[in-house]
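The following exercises are to be worked with the sequence and the model in view. Each task is followed by a solution in steps.

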Amino acid sequence: MESLEEENFAVSISSTSDAEFDAVIGHIENIIMDDEFQRLQRDFMDKYYCEFEDTEENKLIYTPIFNEYISLVEKYIEQQLIKRLPGFSMTSFTASLQLHREEIAGDIFDMLLTFTDFLAFKEMFIDYRAEKEGRGFDFSGGLVVTSLCKSSLPSSQNNAQH
């Protein structure tokens with residue numbers, strides 16, 4: 001009987017921590033989609049994107065830019081989470097992030113990864129620079145538009161009816 005109670009207690013704790021984690025992720029999604037955050041990130045990237053080059057070598061200037069980004073964005077997200085979730089702890093969340101890493105949507109995980117993974121951060125800037133300079137991917141060449149409705153009328157008669 002004790003083991004059943006212990007098991008229920010463990011499930012209760014687990015589901016509570018999972019629910020708290022899910023709530024934080026939901027708030028982070030809302031925060032990063034918010035216009036204020038988008039503006040903050042875009043302004044930062046506009047300020048530094050010319051510094052980044054798509055080469056194997058990393059410039060010395062990348063380190064202070066990376067540290068400034070982490071400070072700015074992490075501080076903003078943490079402040080927003082504290083407003084929305086009283087008692088929020090970034091330290092606790094960061095620890096639980098490792099346990100739930102597989103459960104996080106790609107966009108959110110990629111953005112969170114830019115806080116800890118310098119290469120993801122650099123790639124974000126390289127992609128942004130390519131976009132700003134008109135070198136982004138153009139997927140329009142792979143698009144083919146076809147009608148789902150096939151008319152049995154010859155095209156000249158079909159056009160006359162429209």
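A residue is called buried under 20% relative accessible area, exposed over 50%, and partly exposed in between, for a 1.4 Å probe and protein chains only. The model is a predicted one, in which local features need pLDDT of at least 70, side-chain atom pairs count only at pLDDT 80 or more, and totals for chains, interfaces and linings use all residues. Residues are numbered from 1 along each chain as its sequence is written, and side-chain values use heavy atoms, with hydrogens and water left out.

**Exercise 1.** Determine whether Leu81 is buried or exposed, and list its contacts beyond four places in sequence.

*Solution.* Step 1: Leu81 belongs to helix α3; helices are DSSP runs of H or I with at least four residues, numbered from the N terminus. Step 2: the relative accessible area of Leu81 is 0%, so the residue is buried. Step 3: with neighbours within four places set aside, Leu81 is in contact with Val24, His27, Ile28, Ile31 and Phe88, contact meaning heavy atoms within 4.5 Å.

**Exercise 2.** Describe the packing of α3 against α6.

*Solution.* Step 1: the axes of α3 (residues 62–84) and α6 are 11 Å apart, at an angle of about 95°. Axes are lines fitted to C-alpha atoms, for helices over the stretch in contact, and angles run from 0 to 180 degrees between N-to-C directions. Step 2: α3 is therefore roughly perpendicular to α6, the term for 65 to 115 degrees. Step 3: Tyr62, Ile65, Phe66 and Tyr69 of α3 meet Phe118, Phe121, Lys122, Met124 and Phe125 of α6.

**Exercise 3.** Characterise the crossing of α2 and α6.

*Solution.* Step 1: the two axes, of α2 and of α6 (residues 118–132), come within 10 Å and cross at roughly 80°. Step 2: α2 and α6 are therefore roughly perpendicular to each other. Step 3: α2 contributes Gln41, Arg42, Phe44, Met45, Asp46 and Tyr48 to the contact, and α6 contributes Met124, Phe125, Tyr128 and Lys132.

**Exercise 4.** Which residues of α4 are buried, and which exposed residues lie on the face turned away from them?

*Solution.* Step 1: the buried residues in α4 (residues 90–99) are Met90, Phe93, Ser96 and Leu97. Step 2: viewed down the axis of α4, they fall within an arc of 125°, so they line one face of the helix; the arc is that of the directions from the helix axis to the C-beta atoms. Step 3: the face turned away from the buried side of α4 carries the exposed residues Thr91, Gln98 and Leu99.

Notes. Helices (H or I, at least four residues) and strands (E, at least two) are DSSP runs, numbered from the N terminus. Angles under 35 degrees count as roughly parallel, over 145 as roughly antiparallel, 65 to 115 as roughly perpendicular and the rest as oblique.
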